[in-house]
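Open the model in a viewer and keep the selection panel at hand. The stops below go from a helix pair to a core and then to a loop.

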Amino acid sequence: LMPVLDRLASALGRNDERPNVELAVELAASKDRAAIAELAEALSGGPVATANDAIKVLYEIGERNPELVAPHLETFVALLQSRNNRNVWGALKAIETVAAQQPNETRRHLEAILAAADRGSVIAKDAANGILVALAANGHAKEALPVLLDRLAGAAPNQFPTYAEQIATVATGAHRERLAAIVRTRLPHVA
């Protein structure tokens, strides 16, 4: 069988994500922890194209079977410092897949997660919102909801509806009231 890094799109000379997604589907099904660990190791060294493909495979695995990538949370957090925007938002998407499973560990890195999201792309901000929603749903509502609502108040118009819907699934009490107030204020300007 071909080594896992040789099966990444860039190693195959491909410019599309199909080989990466197919590899993720296969690894999520086979639960090949050694191959997954090899992908995680590829994030911190070697060619940029390999790291870009590896993070794609890892977050795709995480979407299908988060427990397989959960042991690599610290590696994803370390990647948030990368100067490579693709790796930063890919790491945030990977963290998002494991946040519900590892809420306490994820919460410890919230400052770095939010700083990376604020420096990053729309995808990075979307992933940060998802991470915060997962934290709010898994024992950290007291901390996560104020941050979510502050971020919602300043969210881009195209992101606002999605974020508001996500937050509505976890907001309770006074947070629900503040959510309603933000929606009432922002809605006329979003449409």
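Select H6 and H8 to begin: these two helices cross in a left-handed sense. The coordinates come from a predicted model. H6 covers residues 85-98 and H8 covers residues 110-119; their axes lie 10 Å apart at an angle of about 135°. H6 is therefore oblique to H8.

Now show side chains at this contact. On the H6 side, pick Val88, Leu92 and Ile95; across from them in H8 are Ile113, Ala116 and Ala117.

Keep Leu92 selected and move to the largest nonpolar core, which has 62 residues. Leu92 is one of the four members that touch the most other members, along with Leu27, Ile61 and Phe76. To see the largest share of this core, select helix H9, residues 122-153, which supplies 14 residues.

Next, centre on Phe76. Which residues does it contact, leaving aside neighbours within four places in sequence? They are Leu43, Ile55, Leu58, Val69, Ala91, Ala94 and Ile95. Ile95 was also picked at the H6 contact with H8.

The last stop is Lys31, in the loop between helix H1 (18-30) and helix H2 (33-41). Check its backbone: phi is near 55°, a positive value in a residue other than glycine. Most residues other than glycine have a negative phi. Is Lys31 buried or partly exposed? Its relative accessibility is 43%, so Lys31 counts as partly exposed.

How values were computed: Residues numbered from 1 in each chain as written. Predicted model: local features only at pLDDT ≥ 70, side-chain atom pairs only at ≥ 80, totals over all residues. Heavy atoms only, no water. Core = buried A, V, L, I, M, F, W, Y, C linked by side-chain atoms within 4.5 Å. Buried < 20%, exposed > 50% of the residue type's maximum accessible area, 1.4 Å probe, protein only. Helix = DSSP H or I, 4+ residues; strand = E, 2+ residues; numbered from the N terminus. Contact = heavy atoms within 4.5 Å. Axes fitted to C-alpha atoms, helices over the stretch in contact; angles between N-to-C directions. Parallel < 35°, antiparallel > 145°, perpendicular 65-115°, else oblique. Left-handed = near helix turned anticlockwise from the far one by under 90°.
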